Every structure is written in structure tokens, then in C-alpha cells.
Amino acid sequence: MSKGFASTTDMAEKAISFSEIGPDLYAFTAEGDPNSAVIVGEDGCLVFDAQATPAMAHKVIERVRTVTDQPIKYVVLSHYHAVRVLGASAYDAQGIVASQETYRLIEERGQQDWDSEFGRFPRLFQDADSIPGLTWPTLTFEGEMSIYLGKREVRLLQLGAGHTSGDIIAWVPDAEVMFSGDLVEYHSACYCGDAYLRDWPSTLNEIRDFNPKAIAPGRGAALNGLDTTREAIAMTRDFVGTLYGAAEIAVARGLSLKDTMAATREVMDPKFASFAIYEHCLPFNVSRAFDEASGIEEPVIWTAERDRQMWAALQGN
């Protein structure tokens, strides 16, 4: 991996928070690192997003055991990225749930994504040797399904493409709390390397229509209160829209990828440079926005070699 990617040198440990965002609903957050969340019911609990390795997952399990002794029955994968899913084996859950589209993406690009993310984010793959292999969902669905933890219903929904084509959210109706995965971020950059940037804002509109009282976002602090959840949704929409708008103008002007990066920085840096993992994501974000604005509908499959090629293009080589 080229030393040019900012994430390869980000080795500082992040402080973990575990906060209640609704009755028996918890967000596991770590200063811009991938979040997980926990939904506790009468006869079991559900973990939403698994972390990158079993060792990382055990940090979630430790927090779960501070609030409940109920078994972890389900692990729900909001989407397929390695930093979200490869720790799933640690939970020993009876079911691993994802959308059918996420299953397809794991088949198509799961190994390549793992290799690419491992090279980009070495700190997030603690004890990587403990990963038994790709995480395969054991239960998939299209559109919507419900899981019951005793009387507590957890609705899993595909609201549209955005961060990936397979994204799902979890909605707990009795508490009006949402678990968004990486469709919503808070003071953290969106990773857009596999995104559908034109579709993402309409998916955010669907999320906003739920009027969630709290959200466990994909990255960033837990969001409590309607004003805060709306702020985060608007912030995510602004990030995605600013990125794609800059690329669309650049492509229309016939700019190269290198020059599109410079043009994107002019509009993105003043608003978003302080966000967590902003520099980590920017090369991938600009590359995907450039492709989509150029008419390439399907995101590329990221491999270590593709990462190197992109970095060379960004340098004008």
C-alpha cells in the first residue's frame, strides 16, 4: 500500500463510549472508528454491525455484558465492508442477518474489499489472525423483515442505495430509535468508495421521515434528540452533495482525476476537513464521485492494486 494514504499511519487508539440512546438500546462508538450498537429484548439481544475482527468484537461483548446477561441471538450487518463484518464469529449468534444485495456483494467483492481495507486501516484489524474467513449471512431478505426479541420488534429495512447498494437500517418502533449504519455519519467523513452518490440524498430523506428520537450512526457520537438527528442527516446530505457536485462540475469541464481532487478540496476542505477520517476517505471519495459523474454507475471493486493505480492517477502519473 502506498504511504500516500493517510489511514495507513493512523495508529492512535480511540476512546470507546457505550451510551444508552433509548430503553435498552445502546451505541458503541469510538471517535470516528466504526460504530456498533446493541438492542436488548426480553429473551435476547441483537448486535448491529460486528467490528473488523473477533478481538475488536470482544470489546463490544464486554460492554454488552455490563447491561444484560441475555444471549446475543443475532448479528445484523448494515452492509458488507470488512471493518463492519469480519468480527461476527465472536458473537456465536444463532443468525447473521443482511440484505440479499449485501450477500451478493460479499460474493462479488468481499475478499478484495478485505484485502484493500486491511492494507488501508491496519489499526482497525487488531489480532487479524483471529478472523476465520469471510462473514457469510445466514439469513437474508429483500425490502423489509422483522426480528422479535420477545415482544420487542426490530424492523430491518432497505430504504435505498447510498453508502453501498446493500445498505439496511434497523428501526425499533417502541422507542422510535434508528440504527443507520454508514448511511448517516456525525462529524465524520462518509466513505464513498462504493457509494451511489445521486441516490444517497433520497435515502436520507426516507430516514428523516421516520423522525427518529435517537440514531446510532455509522461513525461519530450517538445522536440523541430530534434536533440532533436532523442535524446529522442534513450534515451527511451536505457532505455527499458537496462531493458529487464538485465532481460533476469538474467532469463537465473535462478535468483529470488529479485536477478534480484539487477542485473538490476547494469546496470540501473549508466545511469538512475537521471531520474524522476526512483525509483517509478523500481519495476514494473523489475517485468514486469522478466515476459516477462520468457515467460509471457501478462502483469499482477495490483491490490493493486498484488502490495503487488510483493513487498514481491522483498524483498525475
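Author: Two strands are said to pair if DSSP finds at least two bridges between them, where strands (E, at least two residues) and helices (H or I, at least four) are DSSP runs numbered from the N terminus. This is a predicted model, in which local features need pLDDT of at least 70, side-chain atom pairs count only at pLDDT 80 or more, and totals for chains, interfaces and linings use all residues. Residues are numbered from 1 along each chain as its sequence is written, and side-chain values use heavy atoms, with hydrogens and water left out.

Reader: What makes β6 and strand β7 (residues 139-141) a pair?

Author: DSSP must find at least two bridges, and 3 bridges join β6 to β7, so the two strands pair, and they run parallel. In β7, the bridge partner of A98 is T140. The chain crosses from β6 through α3 to β7 in a β-α-β crossover that is right-handed, a word used if, with the strands pointing away from the viewer, the path from the first strand over the helix to the second runs clockwise.

Reader: How do you know that strand β5 (residues 72-76) pairs with β6?

Author: The same rule of at least two bridges applies, and 3 bridges join β5 to β6, which run parallel.

Reader: Why is T68 called buried?

Author: Buried means under 20% relative accessible area, exposed over 50% and partly exposed in between (1.4 Å probe, protein chains only); T68 has 10% relative accessibility and therefore counts as buried. The place of T68 is in the loop between α1 (54-64) and β5.

Reader: Why does A232 count as buried?

Author: A232 has 0% relative accessibility, so A232 counts as buried. This residue lies in helix α5 (residues 226-252). A232 and E185 are 47 residues apart in sequence and 6.5 Å apart in space, C-alpha to C-alpha.

Reader: What makes a space a cavity?

Author: On a 1 Å grid over the protein atoms alone, a cavity is a set of points where a 1.4 Å probe fits but cannot get out, and lining residues have an atom within 4 Å of a point. By this rule there are 7 cavities of 30 Å³ or more. The largest cavity has a volume of about 100 Å³, a volume being the space filled by probe spheres set on the points, which are joined across faces, edges and corners. The lining of the largest cavity has 13 residues, with H81, V83, E117, Y191 and R219 nearest its centre.

Technical notes:
On a 1 Å grid over the protein atoms alone, a cavity is a set of points where a 1.4 Å probe fits but cannot get out, and a pocket is an open set with protein on both sides within 12 Å along at least five of seven lines; lining residues have an atom within 4 Å of a point.
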